[in-house]
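Good morning, and thank you for coming. Please look at the structure on the screen as I take you through it.

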Amino acid sequence: MSGPNTDYDPVEVTPLKAEQVDEMREAALAAIAAAGDLESLKQVRIDHTGDRSPLALANREIGALPPQARKDAGQRIGQARGAVNQALAARQAVLEAEHEERMLVEEAVDVTLPTTRGRRGGRHPITLQSELIADLFVAMGYEVSEGPVVEAEWLNFDALNLGPDHPARSMQDTFWTEPAEDHVVLRTQTSPVQARTMLTRKPPIYVVCPGRVFRTDEYDATHSPMFHQVEGLVVDEGITMAHLKGTLDHFASQLFGDGIATRFRPSYFPFTEPSAEVDVLCFVCRNVDPASCRTCRGEGWIEWGGCGVVNPRVLVACGVDPSVYSGFAFGMGIDRSFMFRHDLEDLRPLFEGDVRFSSAFGTEI
Amino acid sequence: MKAPLSWILEHVDVPAGTTTEHLTDRLTLTGLKLEAVVSPGRDITGPLVIGRVLTMEPEPQKNGKTINWCTVDVGDANGTGEPQGIVCGAHNFEPGDLVATVLPGGVLPGGFEIGARKTYGHLSAGMICSARELGLGDDHDGIIVLPPDAGQPGDDVRPVLGLDEETIELEINPDRAYALSIRGIAREVLVSVDGASDFRDPADRQTPAANDQGHPVVVEDAEGCPVFVARTVTGFDPTARTPDHIVQRITASGMRPISLAVDVTNYVMLETGRPIHGYDADKVQGPLVVRRARDGERLTTLDGTERNLDPADLVVADDSGIIGLGGVMGGETTEMSGTTTSILVEAAHWDAVSMYRTGRRHKITSEAGRRNERGVDPTICEAAADRVVELLVEHGGGRAEPGVTVVGAPPATPVVEVPGDLAARVSGMDISEERSIECLRAVGCEVSVDGSGSGTLSVTPPPWRPDLTDAQDFSEEVIRLVGYDKVPSVLPTPPSGRGLTRPQQLRRRIGRTLAGDGFVEVVSFPFVGTSDLDDLGLPEDDPRRDLLRLSNPLSAEAPFMTTTLLPGVLRTAGKNVGHGNTDLAIFETGTVTFPRHAGPAAILPVDRRPTDEEFAALDAALPAQPLHLALVAAGDAVAGGWWGAPRPVGWADAVEAVRSVAASLGLELTVTSAELAPWHPGRCAELSVDGEVVGHAGEVHPTVCQAFGLPKRTVAAEVDLDLLIAHAVHLRPAPTFSSYPVAKEDVALVVDTSVPAADVESALREGAGELLESIRLFDVYTGDQVGEGRKSLAYALRFRAPDRTLKEGEAAAARDAAVAVAVERTGAVQRA
């Protein structure tokens, strides 16, 4: 707190001299304008608005003036200080904005630096393909049924009309388990799940079953002792081959693209009668000038799987009355579907487990 | 089945202009799928012409061989008209003979390029060809000498040798055994190619009537051998060569020419489908007897293998003992040879099931067996035998003996009742009864309609179709002729489905969780050997060593179904490391197999549904097959980079991966320490849920790492997902939380290093009471300040009440209560 001003002649005090106040103000404004950064502006603030600044000192002298002079002087100094503070605030805002802008420039980083620190996971494409297929059928109202891979011989063969001396048993090179009299095999097909399903559900039955199956095939580019199939089974009243065709046409178009239909050729499976091989229209060339097509190897069609009308003998063995119900069944190779869908010529990468393979497919296909 | 097209068309006419492509397309669409069309000359390019040998000069060589320096007239084919000089090593020809000559620029099968080259002191410009060199069989004893009327020098030799003859290869399904013959295929051409006509059945021939002058035959097992026909040819010239067209046809059909007598039996088998056996009649002693083998009997078959016969095997015996495995393979002692002049021809019909069993039992696959086990027309034995006799007489100069032995008669074919509308009902197509009858008759069925209007057809299948036994079998015959391509496309309307089951959903969720956590899914084969389990370091009495053995494994090293996914994933991890994928995290889900030793899985009847008990017993006899998850991680969990140093994988990553999986199912794992191979004994966590052990995780034992080619500190886990999923929380109540302020208290406790942190934490939780919101171990310290054998555990505790702000000192009191329990339970000392 300063005391009354005694050093100056009251008449001669600065606030009364307008030109001097103007000078102070101009000096302050000039300094503000000259301040190039927030640091110098801070000093300018101290110099020109602080307690020891000329305007502050002059203001303090107002009290010493005769009352009649105070108003005038007060107004003059007040205006000057106001102008200075305003200029300071404005300058502060400008400098702050400049500072901020500079900071943003200075803080720039190289966003192209690598960002991956952890490992990227992925699911196996066959798992994904199986789920995709299951989902297509679930969307139609089907359910997904399951069964064990180490299976009873009766379910894998006999119940499916493959009696012990059926030549077709040797078509499927079966892994047998010991002791042989236990009659246990590695399932050669997902079809035993058909039997299991009929034995545990009542018609109408609409199910698919993706799963692993085993055959004693030496492992090479196109054969594997373990591979994946998807089985479909429908048992209902009035089911016909036409329903089978409709279902597979729909399946094919969902999996391979609009307009991709199937073609049936007579074939033989003990568990279906009539039986058919299913070819699917090549989704790459669509049988238009197929000669140069790698995917279908010039055929226009791709062998896809087997199907047919459920043999009434199978219905009987599984407790379904063939005079009331009929059904259809189909089986497709999932690995095979994957291979031609994704242009894979050698199936071995599916089972080699090199992480570069699965990683490429991420978590959905 | 490989069938020369010209042979097929010898027995059926197709409209002029019918292409091979059209014909095979039709066969494919009616059930005989085309595999390939081949011709023997398909790999031959360039000039291959008739040459006339003008001169040949034998020139003995230092190596002991004698070559012939020949000049050969090839007309204008060489562009000059001058004779061609060719060195030839064969000697079975003479000047004036016509020979198959390939000129420089020609390419023979196998990419064998012919040029003019210097050899044996001559410039040999081309080659005189043997049958083998042209891909026409195995004959390489000499060059091909063409008939004198084959053509003029310089003419293309291809048509002369049938090199452009097309052979179609068809895939024959087990139900169409009749198509394993020219007869059957020609019949299929008749019914499938529009406009085909005039089927000429090779088995339709006048045969001499049976008499009692033929070779005596006794059939003791008429069920196993319903028909046995024997004929004899004498005075046969064993040196007679098989005519070229027969050699070409059986070669094209995939069989090897051997001798005239053998070739003829094979030729007739290919033509009619009926396997024929020829005996050297002079070696047969006494009557032929057809019976089952007796215990201990042995036979050396034509392939030189001595076989122990089974009492179920059908055999042919004579006075000397067994001389053949009936219908499957003949015996050595009566084999036809290069000196055979009398031939006993056997055409017999055998029981298909016996054929199949014998073939399987003795691991014999033969062309005869393949046909006999699938079923052959039983009515054509006499015709086939007669055709063999005819050819032997015609080409081998023999004499057909008048004796004709016929024992037995073809079994009657049962009539099948087939609803007239069955094909329509099965196919969903509009197929009239008339059309059905027409199709059935076309494939050889006899059809009669009873006048009662019942709509039922009485159908007798033709004798060559033993596969047609059920009504529905006949519907396929109708539908395939109407055309599978005509079946309309109609979507059925399933009832509303229930979607994926909860376990199915959760399995997907587990896979996604692991992938989200950086693990890559792999798939391995489930086969292991004991060495894999040794590599895991499993002790002798480990339950995982009780394995299901395969009778016929692909590899003797891995004959079992695995009980653990670890060998597979560790092997795969090792391979990845070997490929340079060193920072690695993989997982696999799959079933494992634990034998139950619960006895046989019964072969139940198929004419009725098994009872629920029977079905349950079947399942109970199968091994337990729980779904497992295994995972492996190695290298760096977090890579090093501009942000800082790498963080290597540690035991905790394995535990955390499983925790993350459990959390995705709404579960919290309880972790306790355990010792279990293949884990590091001090770094193995046993994981449980609600008191049930679900798996293990931790660092892999260094010895195991080494065995699998993995770096030390590799971590792994294996979990029973079925168990885990069974515990999954389904309908979780929504959480509520307090919005009153939190009170934080830290506490540091010093305990013996052997005290598990989990024990300290549970003591703190219990002591802290209901106000405790969360507890977090934020530091573990060992060192001088706490002393040898001790560790300091620092916990951050958060307290909060659901309904009020905690009062001064309330949190501290709860903390003190927590510490008190920890002190009491774990001997902890609170650090100042």
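Predicted model: local features only at pLDDT ≥ 70, side-chain atom pairs only at ≥ 80, totals over all residues.

In chain A, the C-alpha centres of domain 1 and domain 2 lie 90 Å apart. Domain 1 of chain A covers 14-106, and domain 2 of chain A covers 125-359; such bounds come from an automatic or database domain assignment.

Residues are numbered from 1 along each chain as its sequence is written, chains are lettered from A and ligands numbered from 1 in the order in which they are written, and side-chain values use heavy atoms, with hydrogens and water left out.

Let us turn to the interface. How many residues does each chain bring to the contact? Chain B gives 107 residues and chain A gives 108 residues, where contact means heavy atoms within 4.5 Å. The size of an interface is often given as the accessible area lost when the parts come together. Here, the area buried between chain B and chain A is about 8,700 Å², and carbon and sulfur atoms give 59% of that area. Buried area is the accessible area (1.4 Å probe) that two parts lose on being put together, summed over both. Of the area that chain B buries against chain A, 8% is supplied by B:Tyr484, B:Val523 and B:Leu554, more than any other three residues.

The rule finds eight salt bridges across the interface of chain B and chain A, a salt bridge being a side-chain nitrogen of Lys or Arg within 4 Å of a carboxyl oxygen of Asp or Glu. A:Arg196 forms a salt bridge with B:Asp619, and their closest N and O atoms are 2.8 Å apart. Between chain B and chain A, 41 residue pairs are in polar contact, both residues being at pLDDT 80 or more. A polar contact is a pair of N or O atoms within 3.5 Å; within protein, one must be able to donate a hydrogen and the other to accept it, and residues adjacent in sequence count only if both atoms are side-chain atoms.

Which element gives the largest share of the side of chain B that touches chain A? Strand S32 of chain B (residues 584-591) does, with eight residues. Helices (H or I, at least four residues) and strands (E, at least two) are DSSP runs, numbered from the N terminus.

Within chain B, B:Asp201 is placed in the loop between helix H4 (182-192) and strand S14 (217-219). Leaving aside residues up to four places away in sequence, B:Asp201 touches B:Arg183 and B:Arg187. The side chains of B:Asp201 and B:Arg183 are joined by a polar contact of 2.8 Å.

Finally, I come to the backbone. Most residues other than glycine have a negative phi, and most peptide bonds are trans. The bond joining A:Glu273 and A:Pro274 is a cis peptide bond, with omega about 0°, and A:Pro274 lies in strand S7 (residues 272-281) of chain A. In chain B, the peptide bond from B:Ala677 to B:Pro678 is also cis, with omega near 5°. A:Asn287 is not a glycine, yet has a positive phi of about 60°; this residue is found in the loop between S7 and strand S8 (301-310) of chain A.
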